[in-house]
Every structure is written in C-alpha cells, then in structure tokens.
Amino acid sequence: MTNFLLLEKISQTKKPVILSSGMSSYKELDEAVEFFKSKNVAYSILQCTTAYPTKPEQYGLNIIKELKKRYQVPVGFSDHSAKIETCIAAAALGAEIFEFHAVFNREQFGPDTIA
C-alpha cells in the first residue's frame with residue numbers, strides 16, 4: 001500500500017487495480033487512493049483482515065459500508081474465514097468483489113489450507 005515505486009509501475013499498466021486493505025491504516029489507504037486518482041487509474045478496495053483463518057470477531061464486515069461511503073468505489077471482501085456464510089454476509093452488506101483462498105488438497109502445507 002505504501003510502496004509508491006511499485007504503485008507507479010502498476011499504474012503504468014492502466015489496468016483496474018484492486019487494493020486490499022489488510023494491514024493498512026486509513027491514512028495509508030487514503031494515500032494509495034489519492035495516488036491512483038492522480039494517475040487516472042480505476043481502483044476498487046477489498047476489506048481484508050490479515051489472519052489465517054480469521055475468527056468471527058475479526059471479519060470486519062462492518063468496514064464494508066464504511067469503505068463504500070468513504071471512497072465511493074466498488075468494495076469487496078477478502079475472506080480468510082473458510083466459511084461460505086461470511087461471503088454471503090459480505091454480499092448482503094454491499095460487497096461486490098470476493099477474494100478467497102482455494103486449495104486442491106487440505107493436507108498441503110501453508111496458511112491457505114486452513115483459510
């Protein structure tokens with residue numbers, strides 16, 4: 001979110017950008033949004049809690065409406081809950097984009113197998 005050299009390279013593609021809010025403050029998110037606006041690059045934002053798996057009290061579903069109001073762009077949900085109900089709830093709250101982890105074998109190593 002704060003690597004503006006990388007954001008510059010991304011903006012040069014002129015492709016739409018999906019910003020994941022995980023591990024970012026509103027200040028950092030505001031700065032990235034302003035950067036993409038200044039470059040005339042379309043963007044959207046995902047509510048993301050960076051925890052694998054995310055516990056119910058960490059989902060941050062209440063943030064979806066705040067992000068929609070604050071930035072007035074499509075907002076989505078990055079889900080690490082391993083539950084389908086979480087995405088359904090996010091959709092009910094206005095999420096338009098969904099990101100979640102999929103694995104082919106739960107016996108594999110790594111955080112994605114539990115999230």
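Mentor: The questions and answers below concern this predicted model.

Trainee: How many disulfides does a search of the whole structure find?

Mentor: A disulfide requires two cysteine sulfur atoms within 2.5 Å. The cysteine sulfur nearest to Cys48 belongs to Cys87 and is 12 Å away. For the whole structure, the number of disulfides found is zero.

Trainee: Is Cys87 buried or exposed?

Mentor: The cut-off for a buried residue is a relative accessible area under 20%. Cys48, at 10% relative accessibility, falls under it. Cys87 has a value of 14%, and therefore it counts as buried.

Trainee: At what angle do helix 1 and helix 2 pack?

Mentor: Two packed helices are described by the angle between their axes and the distance between the axes. For helix 1 and helix 2, the axes are 11 Å apart, and the crossing is right-handed. The angle between them is about 35 degrees.

Trainee: How do the residues of the contact of helix 1 with helix 2 divide into nonpolar, polar and charged?

Mentor: On the side of helix 1, the contact is made by Phe4, Leu7, Glu8, Ile10 and Ser11. Helix 2 contributes Glu31, Ala32, Phe35 and Phe36. Sorted by kind, the residues of this contact are six nonpolar, one polar and two charged.

Trainee: What is the phi of Lys14, and where is Lys14 placed?

Mentor: Most residues other than glycine have a negative phi. Lys14 is a residue other than glycine with a positive value. Its place is in the loop between helix 1 and strand 1, and Lys14 is exposed, with a relative accessible area of 57%. The phi of Lys14 is near 60 degrees.

Trainee: Is Met23, with its positive phi, buried or exposed?

Mentor: Met23 is not a glycine, yet its phi is about 65 degrees. Met23 is found in the loop between strand 1 and helix 2. The cut-off for an exposed residue is over 50%. Because its relative accessible area is 73%, Met23 is exposed.

Trainee: Thr54 lies in a loop. Is Thr54 buried or exposed?

Mentor: The loop in question runs between strand 2 and helix 3. Not counting residues up to four places away in sequence, Thr54 touches Thr49, Tyr59, His80 and Ser81. With a relative accessible area of 7%, Thr54 is buried.

Trainee: Which residues is Thr86 in contact with, leaving aside its neighbours within four places in sequence?

Mentor: Thr86 lies in helix 4, which covers residues 84-92. Its relative accessible area is 4%, so Thr86 is buried. Apart from its sequence neighbours, Thr86 has contacts with Tyr59, Leu61, Phe77, Asp79 and Ser81.

Trainee: How far apart in space are Phe98 and Ile45, C-alpha to C-alpha?

Mentor: Phe98 lies in strand 4, residues 97-100, and counts as partly exposed at 33% relative accessibility. Beyond residues up to four places away in sequence, Phe98 touches Phe77, Cys87, Ala90 and Ala91. Phe98 and Ile45 are 53 residues apart in sequence, and their separation in space is 11 Å.

Notes. Residues are numbered from 1 along each chain as its sequence is written. This is a predicted model: local features need pLDDT of at least 70, side-chain atom pairs count only at pLDDT 80 or more; totals for chains, interfaces and linings use all residues. Side-chain values use heavy atoms; hydrogens and water are left out. Buried means under 20% relative accessible area, exposed over 50%, partly exposed in between (1.4 Å probe, protein chains only). Helices (H or I, at least four residues) and strands (E, at least two) are DSSP runs, numbered from the N terminus. Contact means heavy atoms within 4.5 Å. Axes are lines fitted to C-alpha atoms, for helices over the stretch in contact, and angles run from 0 to 180 degrees between N-to-C directions. A crossing is left-handed if the near helix is turned anticlockwise from the far one by less than a right angle, and right-handed if clockwise. Ala, Val, Leu, Ile, Met, Phe, Trp, Tyr, Cys and Pro count as nonpolar, Asp, Glu, Lys and Arg as charged, and the others, Gly among them, as polar.
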